[in-house]
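Work through the exercises below with the model open. Each task is followed by a solution in steps.

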Amino acid sequence: MAITRLWDLSASIPSYTVLCRRGNLSQKKYEAKFSVPPTDIVQSHPDLITCVKTGTITPPPFVFARFMATKTNFRSERPLYPSNEFNFRKQRAATVQALETMPTRMPPVKAKMIAGTAPGQAQKLTAPKPPKGFIKKKEEDDSTDLGDGAEEWSQPKALTKPPDQLQLTEAELKEEFTRILTANNPHAPQNIVRYSFKERTYKPISAVDQLAVHFSLDGNMLHKDSDEARRQQARIGVVENSTRKEPAAPEASEKNEGEEARADSSAAGEEGAGGEEMTTRSKKERKLTNQFNYSERASQTFNNPLRERASQTEPPPRATFSSTANQWEIYDAYIQELQKQEKLKEKQKTSITKKDDDPRRKLPSADSQSDDIGKVSKSSKIVERMVNQNTFDDVTQDFKYFEDVSDEFRDQEGTLLPLWKFQYDKAKRLAVTALCWNPKYPDLFAVGHGSYDFTNQHHGMLLLYSLKNPSFPEYIFNTESGIMCLDIHREHPYLLAVGFYDGNVAIYNLKTATTHPNFMSSAKSGKHTNPVWQVKWQKDDMDKNLNLFSVSSDGRVVSWTLVKNELFHTDVIRLSLEGSAPEGPEGAQPHATGCGTSFDFHRQIDYLFLVGTEEGKIHKCSKAYSSQFLDTFDAHNMTVDAVRWNPFHPKVFISCSSDWSVKIWEHNVKTPMFVFDLNAAVGDVAWAPYSSTIFAAVTTDGKVHVFDLSVNKYEAICQQAVVSKKKMKLTHIEFNPLHPVLIVGDDRGHVISLKLSPNLRKLPKINGSFCSIFRHVTRERLCVRHLSGTQCGARPFIPRTAGVWMRGVM
Amino acid sequence: MADPGEGKKEEADYKRMHSFPLIRHTDMPEEMRVETMELCVTACEKFASNNESAAKMIKETMDKKFGSSWHVVIGEGFGFEITHEVKNLLYMFFGGSLAICVWKCS
């Protein structure tokens, strides 16, 4: 394939012809003319040639002609021949037309190709025209083309004309342009001279290269008439003949051909002869390959399809191993092995080590198994949560969106909506003895299991649940002794302090995957001699050591500090029955000590804390004095189960007891401000984190009581049985720090989460705040002078977490 | 050294004593290891004089049982450094003088 350029000298303006030939330039394949010199001629497709004019008009290069290569002439070229001037518009029109008509011609061309099969044959079709020279033929083409072409491929097709196509009259269309094309470039210099050394003169060079080759592409095949093809044919013919003669069929190759022709015409020949014919024909039609540009199909390798990286899997892991094997190594190995075996035998004879071996063998396998599970633990956890979300979808929706509509009509009372119930099979028989929300993750809470039945004490369990997975605990720790209390550190929410029934205090670190406590007190390091009733984290001490407090019924309040992985204890106070007179005779009478059951530290005044005792007293103590109480309240007639400072008001605390009562105190006043009788032993009481006037209590008859002092100072605004009265007792209650949810624990190991209805979580109005109520109550009932407003104002207390209502009152 | 008869006896003793398969290195799982070892023993006993056929038999059987691209080397003395798929390598001695290395790598 080659595209060359010819110049039309007869036209008044230069006209250019692009000639495409196939093979050895002897035969013209197609040509096209342009009035502008095409600077780029590209053959983008075997059947398509694009001439691009690049020049000053660019960018972008604009295509000004595109034509089919298979067609001998280019009909729509007529507008490309303006009579004497180059008209850009005309040219455009022609281009458009050419482009549009092209696809319609495609199918017939294809059909023709298929019919023709071999390129040689296709060429033959064009051959009848006298192959004298393309110039003459070109002239013919201009006139005969329309008729010829229409007959062949576009008879039924109407040309679609673009609207801006030039309207030419019939005469104009029929007008003939005669031109003589020459292969000589008119612009080629005629007078090139070169110095001839032989003659010592400048001599004009006669042969100027007139041929401009724009594009050439070597085909895979050779033209039949080319020299190379002839040579190849001759060679093949020779070979063929020689092979033909060998199989005892001494026929001439001509005869063969004759036979073949006959066989072809007579359609069905004899079977044997037909087979022979087939072979001869296949030999005849052997391809004439261009040996430099042809690759056999058989020699082509298979191209692997490209694959997306994302769809590729990871290759299996590999490892390298190297060693050498030779006789002495093999020998040594065997000797070693034999010696080992002998030793083993001896051992077996002497002792019964075999039993010992088995569990050892089993252990590693078990370890590896757990490792395998560890790999999928994260994904399985996610899946577990997804499944739970599905099954508990309604509960989750309630948790998020349900608001009790009936609250509006109930005036002031509210309700509790049970949400999830948390239980764990192995903790079924164990009472919930402690509850604590995680300060960092508001969905996570810790549950301590133990027993309040002191004749039936056994193991305990520490579980951490998440609201996101109500069916199974996130963490499980088994303990030898029952847990009585726990607390989560505020700054390090992964640290859990736990107090046990046997008097020990332990610290669990959730970050380490151990089943045992990370730190634990021991009999040596001053553990309590009675159950630990409450533990509380306190601020780190001055050396930045972790610090926690515990209270036990052995009458001690102990401060524990964690110094270099060891718990050191300091007795903060020893409770004595006689209050502030523990000297002399008290020391001699060990039974006279009090039994602490609960305590709480003041939020602002660092040293101040309260201790509730089994005898029903509440001592106000200071960390500074180990043997003296600041004050003592004769609070209850039975054990003080819980005592808690109000999170907003610095002077108010609440206490509850098994004597059925809940009392609210002002710590400077000896008598309670409020007394509530709940008709059953009160297990626990808790202030709400969102309002200073709301608190909730649980009683052993399975009821939850919620009070809002700004609404009702005498009765609970919600009193709801959560578990069946006969079987189960409620033991503990805790408000979620963020969500309107509280959890209660019972003595069968269940933890129930309850949603507070809107009436139970009203933020108090300014007038309804605790401060004003408190002032009101004090004036009305106590009339104590030192509680006057001036003192309140003297030390204004604005807690960080308190709302504006507090500030307004103060 | 002293007595050729004794030496022979010793040799025979050694051959007898050292005929068991001795695994030098493997990372195969238990079941696969046992199976491969037995296969190696069978092959080496069957083709006691022709290591090549033994290796061929082991390779083909392993290919059938555990998927393609197994490689087997059997010989009395050779060194090697191979890359193998993890959990698919067995290097053992057998018969007192043979080293067999079986691994998979595709």
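**Exercise 1: the interface**

In this predicted model, the interface of chain A and chain B holds 13 residue pairs in polar contact, both residues at pLDDT 80 or more.

Task: Describe the side of chain A that touches chain B, and say which elements supply it.

Solution: 

1. Start with the elements. Strand E11 (318-325) and helix H8 (327-350) of chain A each give at least two residues to the side that touches chain B.
2. Check for salt bridges. The count between chain A and chain B is 0.
3. Count the contacts. On chain A, 20 residues are in contact with 30 residues of chain B.
4. Turn to area. The two chains, A and B, bury about 2,200 Å² between them, with 63% of it on carbon and sulfur atoms.
5. A:Arg318, A:Phe321 and A:Tyr334 supply 34% of the area that chain A buries against chain B, more than any other three residues.

**Exercise 2: a surface patch**

Task: Which residues make the nonpolar surface patch of about 490 Å²? Is A:Val193 buried, partly exposed or exposed?

Solution: 

1. List the members. The patch is made by A:Val193, A:Tyr195, A:Phe197 and A:Tyr202.
2. A:Val193 belongs to strand E8 of chain A, which covers residues 193-196.
3. Classify A:Val193. Its relative accessibility is 45%, so A:Val193 counts as partly exposed.
4. Recall the cut-offs. Buried means under 20% relative accessible area, exposed means over 50%, and partly exposed is in between.

Terms used
Residues numbered from 1 in each chain as written. Chains lettered and ligands numbered in written order. Predicted model: local features only at pLDDT ≥ 70, side-chain atom pairs only at ≥ 80, totals over all residues. Heavy atoms only, no water. Patch = residues over 30% accessible without salt bridge, like charges linked within 9 Å, V, L, I, M, F, W, Y side chains within 5 Å. Areas by Shrake-Rupley, 256 points an atom, 1.4 Å probe, with all protein chains shown as cover. Salt bridge = Lys/Arg side-chain N within 4 Å of Asp/Glu carboxyl O. Helix = DSSP H or I, 4+ residues; strand = E, 2+ residues; numbered from the N terminus. Buried < 20%, exposed > 50% of the residue type's maximum accessible area, 1.4 Å probe, protein only. Contact = heavy atoms within 4.5 Å. Buried area = accessible area lost by both parts, 1.4 Å probe. Polar contact = N/O pair within 3.5 Å; in protein donor to acceptor, adjacent residues only side chain to side chain.
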